[in-house]
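Please open the model in the viewer and display the side chains.

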Amino acid sequence: MRVQFVLPPFDLSASYGSTTKMKRGFLPSLGVGHIAAMIEERGHETNLLDAQVMDLDAVRTVDKILEYGPDVVGLSVMNAYAHSGYAVASELKARAPHVFIVMGGPHATANYKVIHEECPAVDAVVPGEGEVPFAQIVDKLSAKEDWRSVKGISYRMADGKSMLNGHAETISNLDLLPHPARHLYDSYPYRPLPNQVRQEPSTTSITSRGCSWGKCTFCFQGGEYSSRFRRRSPRNVVEELIPLVKERGFRDIIFWDDTFAVSPRWIDDFCDCLDKEKLDITWSCYGHMRAVTPEMLNRMAASGCYNLYYGFESGVQELLDLVKKGTTRREIRNAVQWAKDAGIQVR
C-alpha cells in the first residue's frame, strides 16, 4: 500500500499577526514520522506532504497528493487548521473517491465524535496515539479485510453518526516502537524560530508520552485520551540521536516532551549515555517546577542543556490552585533560581 501523510495548509505567519510569509518556525511533525516508521516496518510505502512549509492551498495540496497516487491518506490536524484539513479531505474525495482518508492528530483526539458529521469525506478517525490503529487500518485495507474491526478508531455508520470502536491498546514499552522515519523530512527546509535554538541545524525528539502530573484542568492530559506517563529508556533515546548528529549533522536538539525534566535517575542515565557518545550537542526541553532539583539541573547543564521551558501559567496562587497546577509560587521561584544558578536559560 502507498500511504501519503499530509500536514494540511496553515498560514503560520497569520497566527503571529504578521503579513510577511514566514521562512522559519517550521519543525518536523514527529507524530507522522513515528506512525510512518511502523507502517514501513510492515512493508508499506510512505510519503509526507507538508503543505504548510510549501505554502500550498487545499487545491494545490490535493494536486500534489494525486501526483503521488496513494491508496491511503493520513491527515494530521490541529484545531487551528481543522477547516483546512476538512477542505483537503473534501477536495480529495471529490476527485479521487477510491482514496481512503484517515484523520488523526489533536483535532481528531478532541473532536472525533463530530468529525464525520462536519466532514463526511473522512473515512476513519484515529483519536489518541495512532501507531497501532493506523497501521492496522492499512494492513486490513491491503488484505481486503474489514477495517472497521480495528480497535480505537471512529467511523461513520449508515445513519451518518459516528461509531467509536473501543480504545486501542496502550503501548507500555516505548522502546518497542521504531524511531521516526526521518527520511520523510529530508526535502523540506525546516528551521526553528529565531533564538529558539543555540546552534543550527536543529531538529526535535520526543522521549516520553503522557504527563507525570496529568491533572491540569486546561490540558488534554487531564481528559479522556490522557495516558499514563511512559518513557523510552535513555539508551534508546541516545541511539536515535547518534545518526541525527553523526550522519545528518544536527547540532541542536529540541526535546518536545510535555515534561522532560522530571526524573533525576532518568536524567542522570541519559546524560551519562550522551557524554559517553561524545555527541557534542546543545539541547533544550520542558520541565515541571515540582520535579526539578539543583542537582538535576546542574547535571543537565553539564551535558549540553542550555534552555528550559517551564509552564508557570500564573503568579497568583489562587489561579494555580483552581487549574490544579500542583505548584506554589515558592516552587516557581526556586525552579527559576536553580536553573539560572546552573547556567540554564528559563523561558
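Select Arg235 and Glu277 to begin: they form a salt bridge, with the closest N and O atoms 2.9 Å apart (a salt bridge being a side-chain nitrogen of Lys or Arg within 4 Å of a carboxyl oxygen of Asp or Glu). This pair links distant parts of the chain, Arg235 in helix 9 (residues 234–246) and Glu277 in helix 10, 42 residues apart. Helices (H or I, at least four residues) and strands (E, at least two) are DSSP runs numbered from the N terminus.

The model is predicted: local features need pLDDT of at least 70, side-chain atom pairs count only at pLDDT 80 or more, and totals for chains, interfaces and linings use all residues. Residues are numbered from 1 along each chain as its sequence is written, and side-chain values use heavy atoms, with hydrogens and water left out.

Next, select Arg209 and Glu131, whose side chains meet in a salt bridge (2.5 Å, N to O). Arg209 lies in strand 9 (residues 208–209) and Glu131 in helix 8 (residues 131–142), so the pair ties together parts that are 78 residues apart in sequence. Both Arg209 and Glu131 are buried (under 20% relative accessible area, with exposed over 50% and partly exposed in between; 1.4 Å probe, protein chains only).

Then move to Asp63 and Arg95, which meet in a salt bridge at 2.6 Å, N to O. Asp63 belongs to helix 4 (residues 58–68) and Arg95 to helix 5 (residues 82–95), so this pair ties together parts 32 residues apart in sequence. Asp63 is partly exposed, at 29% relative accessible area, and Arg95 is partly exposed at 38%.
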